[in-house]
Each structure stands twice: as structure tokens, then as C-alpha cells.
Amino acid sequence: STQSTGIFYDPDPYNTVVDGDTEFVRDYFMMPDEERPIEAYSPWLLRIELDRAAMTDKKLTMAEIVNAVHEEFDTDLSCVVTDDNAENLVMRLRVIKDAKDTQADSANSDAEGFLRRIESTLLSEMKLRGIDGINKVYMREESVAMVDASGKRTKKEWLLDTEGINLLSVLS
């Protein structure tokens, strides 16, 4: 779950104009995951602040979210996140420009529209965990009648009820 999202014009990825992000952005670019020239980054930034309570409740880490973003969008996005222990859990996404793209104005407007579509996908469609087709799982304990050598007795068993089905994926 997210606390807030926003799209900002932030032309220098190394020195952000967004208050509160300066320190962790500076720290990230001291030892980045990938070396890219500043021209490779779109000036448009999608900033998502995540809800710590929801992250803790679902036992999600920032690394898992970054991995899901990279799986979904490959290398078209730069994803810079805060540490899991940071006061505010922030994810910053930028479009990585194609090296062949020479029309900066067209790329900028395309990047802003692309970020809006990404925002919509991230907030409503992207799967972070689980199995496709199963939306929710409920656990319940039930008494089951068993017949053994001494006669009949009952035994407690845990059962899983699901909202949705995908037996093939569950069994594989």
C-alpha cells in the first residue's frame, strides 16, 4: 500500500529537488548499482512513498519491490529506494532513455506519460508475491472424523480456503 505518489520534474538525478530525498539519493549515487551518464536519465521522476505498516504486515522488503519492478519493466527504469529501516520508505523511478533517441522534447513528454502508466500499473496490477488466480487465502481449523483400529475418533486439521483457483500452479 502507498502513502503518496507524485510525478516531479527533477532534471538532475544526482541532486534531487525533492525535499527529504537528498541524503539517500546522494548515498545511492556514491555507489550506484549501474553506472550511467546523466543524459541517460529522464528528467521526470515518479516518487512513491510506501506505507510502513502495510509493508511490515505483508513482510515485504524494498529489495523485493525493486526486483518485481525490474522483472516487470526490465532495464527501461532506474529504481532508487531507501533502506528498509529508513523513516520514510521511498521508491524513485525514472525512465532510462534509449541511446538512439535524439529528440529530447518528444522523449520528455513520452517519459511523463510512460511514468503515469507505470504508476497505474504499480498501484493496481503488479504482483509482488503469490500465485496468479488466487487473490486471498483463509486458514481454518476443523474437526475431522477418523476411523482407526480402536474405532472412531476425531482429529483437528488445518484447512486452506482460497478466493480464486490455480491448482496447476499450486501443485507445481
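Does R92 count as buried or exposed, and at what relative accessibility? R92 counts as buried, because its relative accessibility is 3%, under the 20% cut-off. The points below start from the whole chain and return to this arginine.

1. Overall make-up. This is a predicted model. The chain holds 5 helices and 6 strands. Read from the N terminus, the order of elements is β-α-β-α-α-β-β-α-β-β-α.

2. Burial and surface. The chain has 172 residues, and 33% of them count as buried.

3. Helix α1. This helix spans residues 22-30, and its buried residues include F24, V25, Y28 and F29. These four lie on the same side of α1, because they cover an arc of only 130° around the axis. The face turned away from that side carries E23 and M30, both exposed. Cover for the buried residues of α1 includes β2 (41-50), β3 (77-81) and β4.

4. R92 and its surroundings. R92 sits in strand β4, residues 89-96. Beyond its neighbours within four places in sequence, R92 has contacts that include F24 and V25. Among its other contacts are L45, L46, R47, S78, C79 and V80. Its side chain also makes a polar contact of 2.9 Å with the side chain of D21.

5. The D10 pair. D10 and R92 form a salt bridge through their side chains, at 3.0 Å from N to O. D10 is in the loop between β1 (2-9) and α1, while R92 is in β4, so the pair ties together parts 82 residues apart in sequence. D10 counts as buried because its relative accessibility is 0%.

6. The D21 pair. R47 forms a salt bridge with D21, and their closest N and O atoms are 2.7 Å apart. R47 belongs to strand β2 and D21 to the loop between β1 and α1, so this pair ties together parts 26 residues apart in sequence. R47 is buried at a relative accessible area of 12%. D21 is buried too, at 0% relative accessibility.

7. R26 and D27 meet in a salt bridge of 3.4 Å, N to O. R26 is partly exposed at 44% relative accessibility, and D27 is partly exposed at 38%. Elsewhere, salt bridges with shared partners join D10, D21, R47, E49, R92 and R94 into one network. The count of salt bridges comes to 8.

Key. Residues numbered from 1 in each chain as written. Predicted model: local features only at pLDDT ≥ 70, side-chain atom pairs only at ≥ 80, totals over all residues. Heavy atoms only, no water. Helix = DSSP H or I, 4+ residues; strand = E, 2+ residues; numbered from the N terminus. Buried < 20%, exposed > 50% of the residue type's maximum accessible area, 1.4 Å probe, protein only. Polar contact = N/O pair within 3.5 Å; in protein donor to acceptor, adjacent residues only side chain to side chain. Contact = heavy atoms within 4.5 Å. Arc of directions from axis to C-beta. Salt bridge = Lys/Arg side-chain N within 4 Å of Asp/Glu carboxyl O.
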